[in-house]
Each structure stands twice: as structure tokens, then as C-alpha cells.
Amino acid sequence: MMFKLTKIVSKTLSFLPFFIASLMVMISAEVISKYYKEIEEYKVLTLWYEHSDNEIKDGNNLQSVVEKIQSQLEKDVDKILQSEISEEVITNTSDKISPDAIIKGKPIKWEIEKTGSNSVVSYDYTRLIDFNNLNNQNREQVIKNSINDETFLLFTYQITTELSGKFKTNDIDTDNFNKFSNVLMVYLTGSDDYLKQVPYLRVENIYVFKEENGVVMSYPSNNKKYDSINYKTRPWFRATLPNDNNNKYSSNYVKNSKYGNTGLTKVYVDVNDKYPNAIRTLWYDLNIPSKGKYILCVDLFLDKISTLSKEQNLNGLQSIQSRLDLKDIWIYLLFSSLIISLPIFSIYELFGKNFILKTFNYHSNNLVKIKLQRETRHYASKDEGEIKFTIQGETKEINKSEQSMEAKWSFNIQNIQAGILNSQTLTAQKEATYSYEFVSVYNLNMSENKPQYRCIETWRVVIESQANNIQKIGFFVVKWDTNNSASIENGLDIKSIYWEKNYQEYLDVIKEQLHEQLLISDEKEFVAILDTNYSRRQNIPSYITGIDSLKQVINNSLYLKQGKIVFSEVKTLAELYKQGQVKAICTLFFLKKLVENNQFKNFFQTPINERYLIENKQDEFRKFYDSLDDESKLVLINQSPFQIMKYQDNINNIVTQKDDFSIISINNIPKLVTYSFTDNQYSNMGWISWREVDIKFYEELYKCQKDKGQRVENIQTYLTLKSP
């Protein structure tokens, strides 16, 4: 009797996990469905932020939406330009174009939840905005004359006629914006399916730019203030420039249309926005005969936190509860779980248990994992010279494909001669019939000039079984070059040195994981996950996330990679400088940029430990200093530890004349590098990095420049010296 009771208890305890699992099945199924949907959405979001023309295999979602908008804009443009402007249009429409920020008609309050920005708009009016007001000229007459521009009148007539009466408003500001965005997107794409193709897509406005006078006509009319705008710096204008223009901004989905090219810019943060928002602009370059060049634009962005977005993704449990209308829901769940778990448990006991145990025991020694391990790493420095890298291994069959030897290192392959074998290595030796050696040399010396590479690494890839059998299946060389750009992934190049033929199918996915790992971590070993949907998590340090001017960008950006982030405001540097001890190399290009943007005096209010300016021409700092006003001169002399490395024709600088950077130490340990762009090639101010490879490179670059032996003077002494 006791035996039977014990057996019943044992079976009951064995059954309990099946019952609990079944109890959660209905809830977990809905939750899994929700997360699967989020993964699919993440693919589209990644495509949006990563600027790729290569669409996801499961559907050309983003491209499809872009093409629908391009098609609708082309129809509208064709309709407008084929129309003859009538007195009726002039009379009924000219009063709907507002020349300033004063709202006419019914005021509608907006709030964009993603940024928290507020504004007041009017759906029955368009507004003229001056995009060429850098020189503080009196442009009021230009704006007033633009009210009667035929193209502006026709566009205003078309859009207000098409959309009139379609907008529903209430007292909730965020609802007003979301409803406007939805109505305009439905009009541009032809249906509300766009949210299924590109979740969280929003449109804030649609506008037409006239190049001849630098005026923009924007819909809807709004009360925003636009100060110091130069249309030539706007990504949507630069996207229309010829391909051979160095200032051209990249675009995707570019195609030829009836009246000109159209495309979608890459992601950028508009520096004139009070609340930073990563946007992409769909542009249509219109070259209208006898009227000149116009650009039709639609500003698009993603907003995952809005109320509208949350309504589209109900919590799984809420979804289940909304479908169940039983008084005693727990009885229903328990009974359903019992029905599900009993047959599953019976099948497991009769057949499944023995089969699983036998299978597991039989294959236990064959379970393997793929590891990537760093073999060598050398940084550029004044003490390094030409570094010789050597990779050696053995293989059963030589892989002669180009993909397996991308790095094109010189190599030597020999047959392994048969001989007396040690018993411990008998199996491995029998399988290996060739030995190989790959060799390459890289110059990492920094004593005279800045080298091509910051760092060179080699990585080996091994398969490790549970029986501790290790087999090398490939090698990579990683090169970090010294170029600088706004792209966080630029400068990282990974190529295969050699790869085993039997594992060729894993080469691309493992290389991609190494690429992602290097952006994420400085760890010297990690385990590969052979899943193309797998993504490693980023971990941004607290001294970055605590910077007020970066919080919005970090919270609203899905495309950020760990280790490096771009910034768009000068005040970000000042906030970072307060984090620790700072030493900096400053360029005249950067100082002139501060003066042009009226930020010179404020920037130097934050004290730092060391700051050097390197002269590349005789007396070039003296000429710049003489051009400053008296107050700015005092700022340089009295409030900053500023020293000049004087120009000497017998000394070549390692730091180039456009390299403006700083190294920030926290508790006397270098933790950050900032790099400022000194021209208008990029829409951002520069980048911030906490990668070891960047910190070590710029630290060494800083030391090498100081060791060049140039004459160094403070500003007062420099100014008292006579020019040669």
C-alpha cells in the first residue's frame, strides 16, 4: 500500500510541471505572439536607421511605403503643373498663405510625445518660412512677394482642398498630432496599411522650397520660430546636389521621375529643432520650366512611445482577458490546463522519456560550441614599427575560394609527412594532411606621421566539443583605420585570413557577430550564436547617459551601437568636460566655427587641464586672434589653459590641421574620446567614443605630438614674440 501511495505521489509530482506549463500556455502563446511581432517590427526599424537599400526578405516594407509616397507626390505635382492658375485660385488661396508665425483660422494644439515638443497649427493655412536668413538681412518683402508665387498658390490650393474637413480634433494635444499624421499618411500612401509595413511611422509636415529666393511654404501653418537658417546645410537640399559635389548628402530609394529625381535621405538630427528628433526626409527635386528649381519635401520619423503606437500593441494578458467573459476565470483556466496536460504527460511517460534520455546520452559528446578568441592585438604608437603577423594551422582539405582568404596574406602550404605519432594526438594527426602558414606585415609606427591603422587584431575561430576536443576552423584580421566620419561603424574592416571548407556556410554570420562584438565590447573571447536574428545588447556608461543634451538622442534612437555615439550640440562637449580631467588638441577650424555660431565665449567658460593649438602656417593663430573682439580675446587669455605649438618649418605635425579632439579621464583613468568635425561635411558636430581602441590611439597621438619638440608658448608670450 505504501509503495502504491509513493508511486502515486511520484507520478503526481512528475505531472505537476506539465500541469503548470499548460496553465500558462494560453497566456504565454499570446505573449510570444506579441514578441514575435516586435521582432518583425525591429527588422523594419533597423532597416530605417541603418540606411540600407537591401530590404528584408519577408517583404519590401519600407521601400513599398516610400514608393507609394513618391507615386502620390508625382501625381499631385503633375496635376498642379498641368493646371493653369485662375483668378479664382488666386483670390481663394492667397489669403490662406501666412507670411509669419501668427496663427490664422482655428488654432489646433499639437504635442509630439516622442520629443515633448509643443506647437499650434492651422489646417486651413500654409506658412512661408525664410530659409536664407543667416545674414540678418531685411527679408520681409521677399516673404510677402512669395505669397503670390504661382507654384506656392497651386500647392496650397491642392493640399487644403484634398484634406479639408478630414481632420478630427479634441482637447488632447497628442491625439491631434497623431490623427493629423495618420490622415496625411493615408492620403500619401492610399491606405492605412503603412502602419503594418513600417510601424510607428509619423509625418510632421509637408513643404515646398524655392531655391531662387530661399523661401519655404510649409503645411500646416505653425507658430514655430526658425532662427539662423541656411538652406544649403539642410540634408534634403544637399541630397539634390550633383553626385560629384563633395557636400552631397546620401539618400536611398533614389529614382528618376517626370520632373526630376526623388529619394529618401539618411537619418539626421535637425540642429534647429529644440527637441532633437531623428528624421528622414523624402524629397522631390522639381526643375520647372520658366519657374526654376523647387524641392517638395515630407519629413518622416518613427515614434514608438506615442499613445497611438501603444494602442496597436495591447499587452498579451490584457488581450486574453478581453476575450474571456466567464464569471469564474480560474476554474476555466484550471480545467483547460488539465485537458491539455493529461494527454501530453501520458505520451511523455509511455514514449517520450526513454527516447529523450537515449538520444541525449548518445549525442552528449557531440554537442559543440563555436568560440572566437583574440590571438594578437597591436596598437599604433611611436615605439611600434612594422609588425609581422603569423597564422599557422593544419587542415584536411585546402579551401581555395576567395571568400576564405579575403585578407590576401602571403601563405605557404605543405603536405604533412607520415611518421610516428604520439598516442594523445593520433586522431587529430590522422585527419590533418596539410599544414599552412599565413603571414602579413603592417606598419603601426606613429613617430613621424599618423599611420593608416589605429590597431590591428587577429582572431581565431574554434569549435569546442563537450569532450574538450578543439578544432580551428578559421582566422580573421581586424583593421581599425584612422579615418573619421559620422558613421559609427566606419573604420572597422574585418577579413578572413583562412577558413575551413567544411564550415564555409558559417563564415558570413560569424564575421557579422565579430563585427557586432567589437563595437560592443573589448572582451578577448566570446561564443558565437548561429542565428541571424540574434543581437547583442548595448551598454552605454552612466557618464554618457547622464548628459542632458544626449538623453533625448539615446532614448529615441534604435540604431545606436555601444562604444560610440554622435552628438549635435557644442554644449555636449562642455557637459562632458565637467565629468573629469580633460586634455585637448584644438584647431583653428573649430574655433572659427564657434565664432560663426556665436558660441565662442560660452564654450571657453568650462575649464580644462590642457589645451593645445597646433600652428600649420606661420602666425596663423596671431591672425585669428587679431580678428576677435576684445571680450573674446580676454576669454582666451584669462579663462582657459591655452598653449600654442608654434609653426616650425623643420617639424612635421603628426596631428593634421583638421583633427580636433579631447581625452577625458575619470579618476585619472582615460575613459572617453571626443572628436569634433571641423567642416560642414556632416550634419552632426562630432562623435564621442569609449572604445579602448579609440582611447589608446588618441592618447598615443596626443603624446607623440607633444614629443615632437615644437616650441610651446602661452598666449601672452606668443603675442609678445615678433614674427620672423
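Visitor: Why are helix 3 and helix 6 called oblique to each other?

Guide: The axes of helix 3 (residues 61–81) and helix 6 (residues 150–163) cross at roughly 125 degrees and come within 10 Å. Angles under 35 degrees count as roughly parallel, over 145 as roughly antiparallel, 65 to 115 as roughly perpendicular and the rest as oblique, and therefore helix 3 and helix 6 are oblique to each other. Axes here are lines fitted to C-alpha atoms, for helices over the stretch in contact, with angles running from 0 to 180 degrees between N-to-C directions. Helix 3 also passes helix 6 in a right-handed crossing (the near helix is turned clockwise from the far one by less than a right angle).

This is a predicted model, in which local features need pLDDT of at least 70 and side-chain atom pairs count only at pLDDT 80 or more, while totals for chains, interfaces and linings use all residues. Residues are numbered from 1 along each chain as its sequence is written, and side-chain values use heavy atoms, with hydrogens and water left out.

Visitor: Which residues make the contact between helix 3 and helix 6?

Guide: Helix 3 contributes Asp76, Val77, Lys79 and Ile80, and helix 6 contributes Leu154, Phe155, Gln158 and Glu162, where contact means heavy atoms within 4.5 Å. By class, this contact of helix 3 with helix 6 has 4 nonpolar, 1 polar and 3 charged residues (Ala, Val, Leu, Ile, Met, Phe, Trp, Tyr, Cys and Pro are nonpolar, Asp, Glu, Lys and Arg charged, and the others, Gly among them, polar).

Visitor: How do you know whether Gly546 is buried, exposed or partly exposed?

Guide: Gly546 sits in the loop between helix 15 (542–545) and helix 16 (548–556), and its relative accessibility of 45% is why it counts as partly exposed. From Gly546 to Leu576, 30 residues apart in sequence, the C-alpha distance is 9.5 Å.

Visitor: What makes Arg611 buried?

Guide: Arg611, which belongs to strand 23 (residues 610–614), has a relative accessible area of 2%, and is therefore buried. Its C-alpha atom is separated by 5.2 Å from that of Phe642, 31 residues apart along the chain.

Visitor: Why are helix 18 and helix 20 described as roughly parallel?

Guide: Helix 18 (residues 588–596) packs with helix 20 (residues 620–627) at an angle of about 10 degrees, their axes being 11 Å apart, and the two are therefore roughly parallel to each other. Leu588, Leu591, Lys592 and Val595 in helix 18 meet Glu620, Phe621 and Phe624 in helix 20, a contact with 5 nonpolar, no polar and 2 charged residues.

Visitor: At what angle do helix 20 and helix 21 cross?

Guide: The axes of helix 20 and helix 21 (residues 630–638) cross at roughly 130 degrees and come within 8 Å, which makes helix 20 oblique to helix 21. Phe621, Tyr625 and Asp626 of helix 20 are in contact with Lys633, Leu636 and Ile637 of helix 21.

Visitor: How many helices and strands does the protein have?

Guide: There are 23 helices and 28 strands in the protein, helices (H or I, at least four residues) and strands (E, at least two) being DSSP runs numbered from the N terminus. Of the protein's 724 residues, 48% count as buried.

Technical notes. Buried < 20%, exposed > 50% of the residue type's maximum accessible area, 1.4 Å probe, protein only.
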